[in-house]
Amino acid sequence: MFHKPGADGTGKMADRGPDTTISGERNVTDLSQFPITARWPAAHPDRIQLYSYPTPNGVKAAIALEEMALPYEAHTVPLGDEYVKSAAFTSLNPNGKIPAIIDPDGPDGTPFGLFESGAILLYLAEKSGRFLGETARERHEIQQWLMFQMGGTGPMFGQLGFFYKLGGAEIEDPRPRNRYINEARRLLGVVETALDGRDWIAGSYSVADMALAPWLRALDFYGAREVTGWHDHPNCVAYLERFLERPAVRTGLEIPPTA
Ligand SMILES: N[C@@H](CCC(=O)N[C@@H](CS)C(=O)NCC(=O)O)C(=O)O
């Protein structure tokens, strides 16, 4: 752990690092070394800057920030190339995809940028000291399911969405569509079995759930519940309902605003 939230549990930042200047009584953090801040200016540079859009990958970061009560400022970055593939955005994430963050109070006390939702979840969990288990065994199991989401349900459900609902739905050859339908159904079966007798994927509520549940929810958005046999997976159904009941989740799902 490199940083714990304030003892009052509000997630207040630690003392400012060397990149911070003092202006009168108020600390002013300088994020100008990050070119993205010229296009998406920080009104509160002392807070974590979130660059995102409320997609399954994007909401993971917002949900984590909400759950951990870390102070942050969200910037809406739509998915068009003029945004995610712009020079400003790729200066922070060369891969040109949301989400990405800048933490003005990074591990060594200086501003720190990070992309890839799984890496962001692990970073925020370490920073806050929350949702990454209490023991090494728990931590490794949480990381296991997080990696399962990042390499499994995320890319596979994403491809299913493309071939079933989005740009690829008009392709006549049924093979890509069937491939991802079958793979999504198989992955649902894995999650269904793992949830037998437990409320959360790694035992206690963790960043693995913040990663996994938004992708289970995406099946509904893709209109793919029937083809993947969603309702034949009662543990998954109950799990998603449990997740969506959390106030931090309900808030995080709407961040950043799209209008
Ligand atoms: N592995 C990345 C994937 C991120 C990702 O695919 N983001 C999508 C939205 S969910 C995106 O930015 N798409 C825009 C594009 O690919 O041009 C992560 O988990 O952060």
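Tutor: Before we start, a helix here is a DSSP run of H or I with at least four residues, numbered from the N terminus. Also, this is a predicted model.
Student: Got it. What's the phi of Gly 223, the residue that follows α8?
Tutor: Positive, near 65°.
Student: And α8 itself, how far apart are its end C-alpha atoms?
Tutor: They're 22 Å apart.
Student: Is α8 mostly covered or mostly open?
Tutor: Mostly covered, with 11 of its 15 residues buried. Among them are Val 207, Asp 209, Pro 214 and Trp 215.
Student: What covers those buried residues of α8?
Tutor: The cover includes α2, α5, α6 (136–164), α9 (225–228) and α10 (234–244).
Student: OK, the core. How many residues does the largest nonpolar one have?
Tutor: It has 63, and Leu 65, Leu 124 and Val 207 are among those with the most contacts inside it. Helix α8 gives the largest share of this core, 9 residues.
Student: Where does that core lie relative to the two domains?
Tutor: Between them, because domain 1 (20–130) and domain 2 (136–246) both give residues to it.
Student: Take Leu 65. Which residues is it in contact with, leaving aside neighbours within four places in sequence?
Tutor: Ile 48, Leu 50, Leu 70, Tyr 72 and Leu 124.

Terms used:
Residues are numbered from 1 along each chain as its sequence is written. This is a predicted model: local features need pLDDT of at least 70, side-chain atom pairs count only at pLDDT 80 or more; totals for chains, interfaces and linings use all residues. A nonpolar core is a set of buried Ala, Val, Leu, Ile, Met, Phe, Trp, Tyr and Cys residues joined through C-beta atoms within 7 Å. A residue is buried if 20 or more other C-beta atoms lie within 10 Å of its own, exposed if 12 or fewer, and partly exposed in between; C-beta atoms are placed from the backbone. Helices (H or I, at least four residues) and strands (E, at least two) are DSSP runs, numbered from the N terminus. Domain bounds come from an automatic or database domain assignment. Two residues are in contact if their C-beta atoms, placed from the backbone, lie within 7 Å. The expected span of a helix is 1.5 Å times one less than its number of residues.
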